[in-house]
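Please keep the structure in view while reading.

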Amino acid sequence: MDVINQEKAFYYKLTVKKRELVGKRPITEGELERLNEEFIVEYTYNANAIEGNTLTLRETDLVLLGLIIDQKPLKDHMEVAGHKEAFDFVRELVKENK
């Protein structure tokens, strides 16, 4: 396949993907909120796991909802709460600077 045909094939694939993306817009407020919450849980879990936190992804989610996990260190709970607080603080700073 020559370069021109490769470019045409790439452009066609890109056009199809763009149509798919446009078809999924706009994201509803509910979808946006769910995506934000899912991101926060996963981001908090991964950031804390790197530092040695023993909470699972599901336990991290539950801690963010305000529950306490039995037989897990208080330190782990505090790390989750602190990470969420820091994340929320940065989000507020970004909103203020729009």
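The points below are grouped by topic.

The structure is a predicted model. Its salt bridges come to a count of 7.

**Helix packing**
- Helix α3 (residues 57-64) packs with α4 at an angle of about 65°, and their axes lie 10 Å apart.
- Because angles of 65 to 115 degrees count as roughly perpendicular, α3 and α4 are placed in that class.
- The crossing of these two helices, α3 and α4, is right-handed.

**Salt bridges within helices**
- In helix α2 (residues 29-50), Arg 34 and Glu 38 are 4 residues apart, which means a separation of about one helical turn.
- The closest N and O atoms of the Arg 34 and Glu 38 salt bridge are 3.0 Å apart; Arg 34 is partly exposed at 46% relative accessibility, and Glu 38 is partly exposed at 38%.
- Arg 58 is exposed, at 53% relative accessible area, whereas Asp 61 is partly exposed, at 21%.
- In helix α4, Asp 88 and Lys 84 are 4 residues apart, and their salt bridge has its closest N and O atoms 2.7 Å apart.
- A network of salt bridges links Lys 75, Asp 76 and Glu 79.

**Nonpolar surface**
- Phe 89, Val 90, Leu 93 and Val 94 form a nonpolar surface patch with about 370 Å² of accessible area together.
- Phe 89 belongs to helix α4 (residues 74-96) and counts as exposed at 54% relative accessibility.

Technical notes
Residues are numbered from 1 along each chain as its sequence is written. This is a predicted model: local features need pLDDT of at least 70, side-chain atom pairs count only at pLDDT 80 or more; totals for chains, interfaces and linings use all residues. Side-chain values use heavy atoms; hydrogens and water are left out. Patches are made of residues with over 30% relative accessible area and no salt bridge: like charges are joined within 9 Å, nonpolar side chains (Val, Leu, Ile, Met, Phe, Trp, Tyr) within 5 Å. Accessible areas come from the Shrake-Rupley method with a 1.4 Å probe; for residues, only the protein chains shown count as cover. A salt bridge is a side-chain nitrogen of Lys or Arg within 4 Å of a carboxyl oxygen of Asp or Glu. Buried means under 20% relative accessible area, exposed over 50%, partly exposed in between (1.4 Å probe, protein chains only). Axes are lines fitted to C-alpha atoms, for helices over the stretch in contact, and angles run from 0 to 180 degrees between N-to-C directions. Angles under 35 degrees count as roughly parallel, over 145 as roughly antiparallel, 65 to 115 as roughly perpendicular and the rest as oblique. A crossing is left-handed if the near helix is turned anticlockwise from the far one by less than a right angle, and right-handed if clockwise.
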